[in-house]
Amino acid sequence: MHTPPDTTGPCPADETIQQAAERALLRHQGQKGNLLPVLHAIQDDLGHIPDDAVRIVAQALQLSRAEVHGVVSFYAHFRSKPAGATVLEVCRAESCQAMGGDALAEHAKRRLACDFHATTADGSVTLEPVYCLGLCAQSPAVMVNGQPHARMTPEKLDRLLQSQGV
Amino acid sequence: MARIFVPKDTTAIAVGADAVAQAIANEAQARGADVQLVRNGSRGLLWLETLVEVETPAGRIAYGPVEAADVPGLFDAGWLSGASHALCHGPTEDIPYLKNQERLTFARVGVIDPLSLDDYAMHGGFQGLRKALSMEPSAIVDEVVESGLRGRGGAAFPTGIKWKTVLSTGDVQKYIVCNADEGDSGTFSDRMLMEGDPYALIEGMAIAGLAVGANYGYIYVRSEYPFAIAALEAAIGLARRAGWLGADIQGSGRGFDLEVRRAAGAYICGEETSLLESLEGKRALVRAKPPLPAIQGLFGRPTVINNVISLASVPIILSKGAAYYRDYGMGRSRGTLPFQLAGNLKHGGLVEKAFGLSLRELLYDFGGGSASGRPLRAVQVGGPLGAYLPESQWDVPLDYEAYIGISAMLGHGGLVAFDDTVDMAKMASYAMEFCAIESCGKCTPCRIGAVRGVEVIEKIRRNQAREQQVDLLRDLCDTMLSGSLCALGGMTPYPVLSALDHFPEDFGLESANAGQNAAANAPIA
């Protein structure tokens, strides 16, 4: 019997996910309790942990998808959806609050016209709260794409965002 | 040739140290000056970052805070020979903030090149491990017991006793786990040590391994500390190549190795059992105890789990002897604690001192009072689960037991100062909110109690049946304190109740109406 050719094969994006997941699994093969290192490696590579990667990881580590999803969703650092090109993390902890952190956070929200845990309308910046960057003697502090910046003011934050093209 | 030290600690990088280092390199080249740049850890005088030191025959001369734009002027002034300048503070070691400290655990931090094994050995490194290699496991444990060292992560459990328990188990596979999930606001000593003297932690863990019969270790570091992770990974590689880690440490026939694990942004992982769950690749739900991790810990094996500072204090205890360490401190709080001065202080930073000094000394003699110039009003000691102390309590000696006596805790030694613009009802609400955000969800008092706590405090602030809601809040705190599985739910009441008891006016209450506890804890002054 004639069967039509299979056109539902992996699109390039799926291939990338598959490769990233396999690379991560290979790199941490045999390491005990390796789910977090594997997920980190995937997110470092792709910027987030897509559902397809969850499926591949679950199968390889003999876990259920629910177990892997449960881990991804438990930890604040892991994201299931892509972030903006710039990720701005603003510290919301006590020490930064003692030095004007609330005003800084409000300024960031106004400037970007988006709330915490959200991405700007043009998709360029993701704004996240963070609970302590360990820069408490130089509060308030923020992190931009993994780079720490201390003694922050609304004006300095504007300049910092401008330097990122935002 | 002049050696110039520019810290590569996160605290320095966050205020432009990389640009300063680049500017120095460029300027030196343009002037044909023979300069060697060393990227050291931070001295902990954080209001002076970027603190650049120039090595001269008279010792290291400090300049700070240096911005990249200051560099040409510093060369012009002749800083290579330690000349004076508006940013010059004289010899680093003579700066009172540093001179008046007792640096045991932090002796090398900021002084050496963190990754130089030669520097490390030249400044007393590996002496403790060398000694441990010649000792019986039980003798190493006894030394740590004798030193009086208690867990620096906050719980203050005697480190040696924990080790003794693990040693006494018969399992063939045991683990050493370092808790480097330093999530408390106002704390950064773990990070500074890992970035500034990573070999001290590695050495401490290797000694712990020899002491209890564990051949493998994990350092669980928060993902918010990327530079600490990088420093540790580099240091572990170098130590392994030099034979300080691996199957046969320095030809002794005894082995220990370790790896770094990156956390993923969950505050709860600072709790030891949830950290173990996370290391096993699971959601970090707190485990019920018993079994203790010392009996049944990581992957079900006997596990020593200690804080960074506890483990990094072990080498000096071994090299200089238990008595040397024990002679510092007061009461049952022996040795030193690296206090972290944070929040609204003029001179924030790291101050390692023997137990027994007062908060007032830290706030004013070291901290220089508020950064804003307004009067200080409240200080939270011990992280987000620590109490807010009013001025009447700032003379209580910094000692584990003395702090328990005033319903507070020293914790990890962090203190966050607030000036008189602080709204303590808002801070109490934040404490509950933080608990709600970070709760692992396993036990009800924490998971639900924290959410209800935010609501009740909101009602108090809006004066909706205020007196009744205050009773309810106290009742709720009592439930959380007694009914939670771990310290997150169990200690969130500390900041909440201390705010309510010591600052009732911020809740719209007369002192007398704040309930019975308020009367009992009323300021003496």
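Biologist: What ipTM does the predictor give the complex?
Modeller: Let's begin with confidence, as this is a predicted model. The predictor gives the complex a pTM of 0.95. For the ipTM, its value is 0.93.

Biologist: Over which residues of chain B does pLDDT stay under 50?
Modeller: Chain B has a mean pLDDT of 96, and 97% of its residues reach 70 or more. Where pLDDT is low, the predicted coordinates should not be read in detail. One stretch calls for that care, with 9 contacts in the model beyond four places in sequence. In chain B, pLDDT stays under 50 over residues 516-525.

Biologist: How many residues does the largest nonpolar core have?
Modeller: In soluble globular proteins, nonpolar side chains tend to be buried together. Here, the residues with the most contacts inside the largest core are A:Tyr75, B:Trp163, B:Leu201, B:Ile219, B:Val221 and B:Ile268. Its largest share, 11 residues, comes from helix 10 (residues 198-212) of chain B. The whole core has 158 residues.

Biologist: Which domains of chain A does this core lie between?
Modeller: The domain assignment divides chain A into two domains, and their centres, taken over C-alpha atoms, are separated by 29 Å. Both of them give residues to the core, so it lies between domain 1 (15-74) and domain 2 (86-163).

Biologist: Which three residues supply 19% of the area that chain A buries against chain B?
Modeller: The contact takes 40 residues from chain A and 63 residues from chain B. Together the chains bury about 3,700 Å², with 56% of it on carbon and sulfur atoms. The 19% share is more than any other three residues supply, and it belongs to A:Phe74, A:Glu94 and A:Tyr131.

Biologist: How many salt bridges does the rule find across the interface of chain A and chain B?
Modeller: One joins the side chains of A:Asp102 and B:Lys426, at 2.4 Å from N to O. B:Arg262 also forms a salt bridge with A:Asp44, with the closest N and O atoms 2.5 Å apart. That pair runs from strand 8 (residues 257-262) of chain B to helix 2 (residues 35-46) of chain A. Across the interface, the rule finds 2 salt bridges.

Biologist: How many residues apart are A:Glu128 and A:Arg79?
Modeller: These two form a salt bridge, the closest N and O atoms being 3.4 Å apart, and both residues are buried. A:Glu128 sits in strand 3 (residues 125-130), while A:Arg79 is in the loop between helix 4 (65-74) and strand 1 (86-91) of chain A. The pair links distant parts of the chain, 49 residues apart.

Biologist: What separates B:Glu195 and B:Arg191 in helix 9 of chain B?
Modeller: Their side chains meet in a salt bridge, at 3.4 Å from N to O. B:Glu195 counts as buried at 5% relative accessibility, and B:Arg191 counts as buried at 1%. Because they are 4 residues apart in helix 9 (residues 189-196), the separation is about one helical turn.

Technical notes: Residues are numbered from 1 along each chain as its sequence is written. Chains are lettered from A and ligands numbered from 1 in the order in which they are written. This is a predicted model: local features need pLDDT of at least 70, side-chain atom pairs count only at pLDDT 80 or more; totals for chains, interfaces and linings use all residues. Side-chain values use heavy atoms; hydrogens and water are left out. A nonpolar core is a set of buried Ala, Val, Leu, Ile, Met, Phe, Trp, Tyr and Cys residues joined through side-chain atoms within 4.5 Å. Buried means under 20% relative accessible area, exposed over 50%, partly exposed in between (1.4 Å probe, protein chains only). Helices (H or I, at least four residues) and strands (E, at least two) are DSSP runs, numbered from the N terminus. Domain bounds come from an automatic or database domain assignment. pLDDT is the predictor's confidence in each residue, from 0 to 100. Contact means heavy atoms within 4.5 Å. Buried area is the accessible area (1.4 Å probe) that two parts lose on being put together, summed over both. A salt bridge is a side-chain nitrogen of Lys or Arg within 4 Å of a carboxyl oxygen of Asp or Glu.
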